[in-house]
Amino acid sequence: MSVTVAPLAKAILSRVGKEIGGVAAKGTRKWVLGDPEKKALERALGRAFAEVERLYGRQLADFDINAGFWEHEGADELSKVLVAGLTPSAAKFAERAVDSLGPSRSDDERLDRILALRPPFKAMLTALEREVRTESALHALLERADAARTADAASSIVEAMGARASSEDDQVRYLGWLIDQHRYVRTAGVVRNTTVQLPLERVFVGLRARHDRHPGDRARLWFEQERQKAAALLEAGQLDHVGYEAVLDRLQTQYGRKFAVDVGSEFDQPVLVLDAVRDASQVLVLGDPGTGKTTLLRYLALRHARAVLKGESVQGRPARLPIYVRIGDYARQGYPRVGISDFLPDYLNRSECRLPGLANMLGQQLEAGRCLVLLDGLDEVASAELRREVVAAVVNFVAAHSRSGNRFVVTSRVAGYQAAPLPQPFTAMRLDDMDDDTISQFLQVYCRQVERAETPDKSQAAIIEAGARETAAIEQALRSNAGVRRLAANPLLLTALVLVHRASGRLPHRRVEAYVEVCTALGRTWRSAQGVADADLPDERILTRWLIELGAWMHQYRPEGAATRAELLEVLGPLWSAHQGSAWDPDALLTADPLDTEAGQGVLEFIEKADKHTGLLVERAPGRYGFAHLTFEEYYAGRALAFRGTATERVLALRGHLHDPRYEEPILLALGLIGTDYADQIDDVVAQAIYPGTVPSLYEDLLGRDFLFMLRVLADDTPVQTATIDHVITLAITERLAPDRSRCRFASYSQALEQHLAALTGTKAAGRYITAVDKRADLLTPETVGPWVTLAGIAAQLDVLLAATVAALVQVATDPGIDPSMRVQAGLVLAGRGELREPVITALLQLATDSNPDIDPYVRLQGASVLADAGELREPVITALLQLATDSNPDIDPYVRVEAGSALAGRGELSEPVITALLQLATDPFVEVEARSVLANGGELSEPVITALLQVATQPRHRPIRAVAGGISAG
């Protein structure tokens with residue numbers, strides 16, 4: 001490090017003169033800085049630089065810090081050594097030096113450089129402060145030598161006691177340590193059997209959560225989930241109202257209490273959890289294992305730490321000093337000896353954050369109300385009694401520091417929370433399962449970052465391309481298989497799917513195979529890849545067998561999803577004894593401490609290994625265990641149905657649980673497993689247990705529940721014989737073509753049948769269905785043409801239409817003797833498959849522009865909409881839509897007029913007459929929301945349109961359109 005001290009000394013004294021000159025101007029004293037002071041400062045600088053060169057020369061050689069920095073930014077910081085009342089900061093010194101080197105490639109690189117330069121600059125400031133005191137010519141300038149020595153002595157005593165006054169440097173070092181702790185997410189790289197580190201800020205996705213009005217009430221949560229399933233069956237026509245009420249009664253009775261069904265409100269809408277944390281001062285985040293609670297807090301700590309260092313805001317609010325604490329650590333290491341405030345410095349010190357001024361810094365920041373306190377894992381306290389005491393300590397800590405403006409985020413698993421809940425005013429949020437948008441965002445970021453970490457030699461373009469390719473493949477697999485999509489419920493499960501995809505280059509099409517591979521990956525492959533010794537993993541010979549037993553028992557007897565250690569001993573004890581080659585002694589359960597018996601210790605060892613080293617079985621609450629997600633419990637319950645007992649017993653078990661909403665998934669998985677392992681038996685099992693069944697379900701001739709479930713079996717791609725598939729498909733088509741003589745006379749059944757047929761996407765049955773529909777194309781009659789067009793529409797959703805089907809649809813669309821609504825529907829099906837050509841376009845043009853009063857205006861609108869969606873919106877269709885939109889005839893449904901306006905708006909044809917008509921419709925209570933929505937999204941906004949949008953934005957009704965209107969009006 002070569003520095004010319006003469007110009008540097010001159011620059012420093014110039015700045016000192018400015019500082020004390022301001023004081024002199026007020027008449028305090030006149031200072032004259034001449035040659036003696038300059039020469040003395042040069043000598044002090046020379047000795048200080050020599051010492052720094054000796055200690056840090058090699059380290060400083062890595063940084064090309066030029067003379068210009070020392071004479072400008074460096075002189076600013078060094079001058080503070082000579083002026084009483086100013087405190088130089090090594091961290092600020094280092095930060096300015098790094099920024100003088102030019103832009104860093106990333107925030108991480110900038111921080112690493114600052115932390116690397118802080119020690120030599122700290123040494124420089126310390127050495128200079130010492131050396132200037134040895135120069136008598138500078139004593140008059142300093143006028144603080146004695147006071148400084150006294151302060152140093154006092155500081156040394158305080159520091160020896162472990163608590164000296166904090167400085168800006170302490171804060172920077174603390175934030176740097178915090179960033180180092182949280183900047184990476186560790187994950188398994190299964191391609192190379194290595195653990196890779198992914199930048200947390202890049203892989204974090206914004207999870208959604210809902211306000212929880214009954215935080216921690218798993219019984220109510222379970223009740224609501226089951227109620228929603230029953231409501232879906234009611235809507236699909238698979239339950240009538242009497243059956244629906246019976247399901248509710250059974251659910252309520254099962255828990256021995258009555259639940260009022262919550263009425264939906266704005267409060268129930270999902271929100272970004274980051275927004276909830278931003279908007280509330282005290283937030284409780286609840287979620288099951290693997291939902292991302294800890295990752296959320298680590299992300300908040302990282303983001304706020306970086307923002308504080310850079311002087312930036314977070315989500316439009318001032319950044320706060322983050323304090324991250326695991327509550328379980330406080331319960332084990334601090335409580336009841338000290339409160340949380342006094343625990344923090346020791347806790348951070350044990351975590352390698354050793355700063356002499358740490359205690360004072362935390363105290364000052366908390367007192368000033370500038371902190372974001374992140375308390376992770378309220379549920380991780382060993383016992384309910386201790387948890388209540390620790391919660392009391394948390395409440396006391398929050399009460400003591402919330403008044404000054406600090407903010408708090410606490411996380412907890414749902415299970416066990418109610419035993420020691422937090423009081424108001426904590427805002428409780430329950431994390432949602434990941435929706436499609438969140439999954440897509442997660443995959444885009446995660447796959448790219450894993451690719452970068454595992455193949456660092458690839459170019460940036462190649463990494464992006466490979467990540468995008470893997471993302472697209474996984475998304476396609478999730479779209480084409482609803483069963484596999486259920487596995488992507490939270491970050492843990494989605495990560496497992498990525499892990500499987502990277503291992504094999506694909507996701508299994510049949511979801512039962514996906515479950516097998518994911519459970520294998522989580523149970524063993526993942527942890528082996530992370531270097532966990534085989535001795536620490538659960539015994540592979542017993543893992544699956546024991547989890548099958550546990551899954552079956554919990555699914556039947558513990559719908560809340562958690563069981564105590566004693567209950568697990570009761571279930572797994574016989575298996576442990578059999579594994580040991582001894583007989584199970586039930587009396588072991590009657591001893592004073594069953595868990596202290598040999599069997600109890602053996603079961604506990606298995607549970608602890610499964611909890612620690614797999615993502616399958618987890619401690620949902622202290623002392624209570626369950627599967628990490630309901631999908632895993634359903635999978636192992638399905639394995640029990642598939643493989644336990646004799647063939648006859650398996651059929652009876654499957655039949656006995658048929659139409660129980662909780663057993664739909666286990667039954668489908670069981671059939672998939674049987675089809676995989678016992679392909680020669682699956683058709684007989686399905687015929688006896690599902691359809692036609694040895695004895696049909698009650699009212700099968702009216703409700704068709706067995707038959708509809710059989711279609712679900714086909715949608716799961718269960719490997720039944722082609723003849724079985726064809727038989728079921730033929731029955732479904734026959735029923736739909738003859739509604740007057742079948743169960744399709746009931747609208748709810750007909751709708752359910754269509755939904756189940758549309759769910760065949762990507763299966764063997766889909767191809768057989770398309771072929772069966774095609775064979776009926778030449779056999780149409782006036783009575784069957786309408787239902788057949790509907791069936792052809794379903795075929796178009798599944799895959800490419802066959803030639804006879806396309807020809808028949810063209811014939812229907814162009815035949816003036818057929819009902820116009822059927823003609824439009826045929827055109828819509830053709831357009832959806834890219835088959836909209838002449839003469840169908842001409843036929844639809846004629847329908848859309850036909851002024852015959854006998855033609856329903858809605859049919860004309862549909863015809864025009866088909867053409868518009870296919871890019872065929874041209875004259876005279878535009879004129880016809882304009883006439884529909886502006887026709888004030890009261891006989892025309894106002895909804896038709898609004899939709900005509902919408903079709904025009906979508907193609908940029910929203911003219912003044914149409915806007916005027918829509919403004920009139922915006923006052924019609926039946927279509928006001930739709931009309932205003934078209935106006936809001938239709939292009940330029942005139943003064944009347946803005947007025948109408950402002951009007952709706954200030955009304956308390958129609959929350960979604962209020963949001964659209966308010967946003968557009970603001971814009």
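## Basis of the model

Because the model is predicted, local features are given only at pLDDT of at least 70 and side-chain atom pairs only at pLDDT 80 or more, whereas totals for chains, interfaces and linings use all residues. Residues are numbered from 1 along each chain as its sequence is written, and side-chain values use heavy atoms, with hydrogens and water left out.

## The chain as a whole

The chain holds 45 helices and 14 strands, where helices (H or I, at least four residues) and strands (E, at least two) are DSSP runs numbered from the N terminus. Of its 971 residues, 50% are buried, a term for under 20% relative accessible area, with exposed meaning over 50% and partly exposed the range in between (1.4 Å probe, protein chains only). The accessible surface comes to about 43,400 Å², and 50% of that belongs to carbon and sulfur atoms; the areas come from the Shrake-Rupley method with a 1.4 Å probe, and for residues only the protein chains shown count as cover.

Taking contact to mean heavy atoms within 4.5 Å, 71% of the contacts between residues at least 6 apart in sequence join residues at least 24 apart.

Strand S10 (residues 407-412) has six of its six residues buried. In a regular strand the side chains alternate between the two faces of the sheet. In S10 both faces are covered, with Arg-407, Val-409 and Thr-411 on one side and Phe-408, Val-410 and Ser-412 on the other.

Pairing requires that DSSP finds at least two bridges between two strands. S10 pairs in the parallel sense with S5 (residues 282-286) over five bridges, and Val-285 stands opposite Thr-411. S10 also pairs in the parallel sense with S9 (residues 371-376), over four bridges, where Val-373 stands opposite Phe-408. S9 is in turn joined to S8 by six bridges, again parallel, with Tyr-324 opposite Leu-374; in S8 (residues 321-326), five of the six residues are buried.

A nonpolar core is a set of buried Ala, Val, Leu, Ile, Met, Phe, Trp, Tyr and Cys residues joined through side-chain atoms within 4.5 Å. The largest has 215 residues, of which Tyr-174, Phe-632, Ile-690, Leu-714, Leu-757 and Tyr-769 touch the most other members. A second, separate core of 38 residues includes Leu-41, Phe-63, Leu-78 and Ala-97.

Glu-634, in helix H26 (residues 630-643), counts as buried because its relative accessibility is 1%. Leaving aside neighbours within four places in sequence, Glu-634 is in contact with Arg-486, His-555, Glu-665, Pro-666 and Leu-669.

Helix H2 (residues 35-61) spans only 32 Å between its end C-alpha atoms, whereas a straight helix of 27 residues would span 39 Å, the expected span being 1.5 Å times one less than the number of residues. H2 bends by about 70° at Leu-55, the bend being the angle between axes fitted to the seven residues ending there and the seven starting there.

Cis peptide bonds join Tyr-335 to Pro-336, with omega about -5°, and Glu-838 to Pro-839, with omega about 5°. His-659, although not a glycine, has a positive phi of about 75° and lies in the loop between helices H27 (647-657) and H28 (664-677). Tyr-699 likewise has a positive phi, near 60°, and counts as exposed because its relative accessibility is 52%.
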